[in-house]
Amino acid sequence: MSVSTEQMSSLYEQQGYLSGVSVLDPAELRHAREAFAQLERKFGTEYTGYSLHNVHMQYDWVRGLVKHPRVLEVVRAVLGPDILLLDSRFICKYPVSRGNRSDDVIAYENGLAGEETAGPEKQKEELVLPYVAWHQDMRYWGLDGGPVLSVWLALDDSLEDNGALQVIPGSHCSGMLHHRQSQRSGNMLSVNQEIPEELVQTDKALLCPLQAGQMSVHDGLLVHASDPNRSDRRRCGFVIRYVPTCAYPIQDPDRPRRFHATVVVSGTDQYRHFSNNEKPEL
Ligand SMILES: O=C(O)CCC(=O)C(=O)O
């Protein structure tokens, strides 16, 4: 994307997200994918699907991603010079195995997955495809004093058939919407919440397709979701949350959250609102 910093920030302000931003060159991408494959071999894909949380504290190659100059250039354009990394997580949707694939898709599309069924239908019950329900990130972060910006960095091509991110442009201007317990099985969100469909302008939904090595960024109030991976390819993304250093944690029982892995990644932190970032640099 060859747009100026001013254009980037005004587009972001208007629509609540940017997409198709090139970040990793081919060598960097290869390195990240090889390192991720090593983690898959070490931990297994059950684990690497959603449990690689805040591993920027553990692995140099992940640390390189959260401080990647191109990532920080875009984040700075939106949040200003002083930036704290709040949290990071790999979110990987693996393909359904070929043998089961058509059954899985049918089970999901008929809404059978997760329902109480007997006999042969019981088998389908176990084949729930992971998806991410419509939500706003701010629903999960007990924070005030500044916006949250999420980066979604693609390690694989992320397209319609393997469950790319979808957004409702401009929805970040509607404030925090009501969330409830999700009605559908397979929601990857850790507290299983969703915005009821009647509150989401799904007719305005836009897909954010990304090539491996590209990223999208979105505002913490932007309504977004992603469908299951119905392809035979993996869809792996690295999600990084950033805030300006003026943001601070609040005690909100609806949004309990602990911040164990915050790091100043740009500028200085004159506020020191987050307790664990004694070391200003990672
Ligand atoms: O990876 C996904 O499908 C969803 C990610 C997401 O909800 C987020 O980045 O906030």
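Modeller: The shell around the ligand divides into five nonpolar residues, four polar and one charged; here Ala, Val, Leu, Ile, Met, Phe, Trp, Tyr, Cys and Pro count as nonpolar, Asp, Glu, Lys and Arg as charged, and the others, Gly among them, as polar. This is a predicted model, in which local features need pLDDT of at least 70 and side-chain atom pairs count only at pLDDT 80 or more, while totals for chains, interfaces and linings use all residues. Residues are numbered from 1 along each chain as its sequence is written.

The residues around the ligand are I91, V132, D137, S150, W152, L165, H224, S226, G237 and V239, where a residue is near a molecule if its C-beta atom, placed from the backbone, lies within 6 Å of it. Two or more of these residues come from each of β5 (149-154), β11 (224-226) and β12 (235-244). Strands (E, at least two residues) and helices (H or I, at least four) are DSSP runs, numbered from the N terminus.

Consider β11 to begin with. It belongs to an open sheet of four strands with antiparallel pairing, in the order β3-β11-β6-β9; two strands pair if DSSP finds at least two bridges between them. At the edges stand β3 (132-135) and β9 (206-207), each with a single partner strand, so one side of each is left without a neighbour in the sheet. Strand β6 (residues 165-167) runs antiparallel to β11 and is joined to β11 by three bridges. Within this pair, V167 stands opposite H224 of β11.

β5 and β12 lie in an open sheet of six strands, ordered β1-β10-β5-β12-β2-β14 with antiparallel pairing. Its edges are β1 (17-22) and β14 (263-266); each has a single partner strand, so one side of each lacks a neighbour in the sheet. Neighbouring strands of this sheet are turned by 30° against each other on average, direction ignored, with axes taken as lines fitted to C-alpha atoms, for helices over the stretch in contact, and angles running from 0 to 180 degrees between N-to-C directions. Five bridges join β5 to the antiparallel strand β10 (residues 214-219), and V151 stands opposite V217 in β10. Helix α5 packs on this sheet, touching β1, β2 (83-93), β5, β10, β12 and β14, and its direction makes about 155° with that of β5; contact requires C-beta atoms, placed from the backbone, within 7 Å.

α5 (residues 69-79) also meets helix α1 (residues 5-15): their axes come within 9 Å and cross at roughly 65°. That contact is made by T5, M8, S9 and Y12 of α1 and V74, A77 and V78 of α5. Five of the contact residues are nonpolar, two polar and none charged.

Notes: Contact = placed C-beta atoms within 7 Å.
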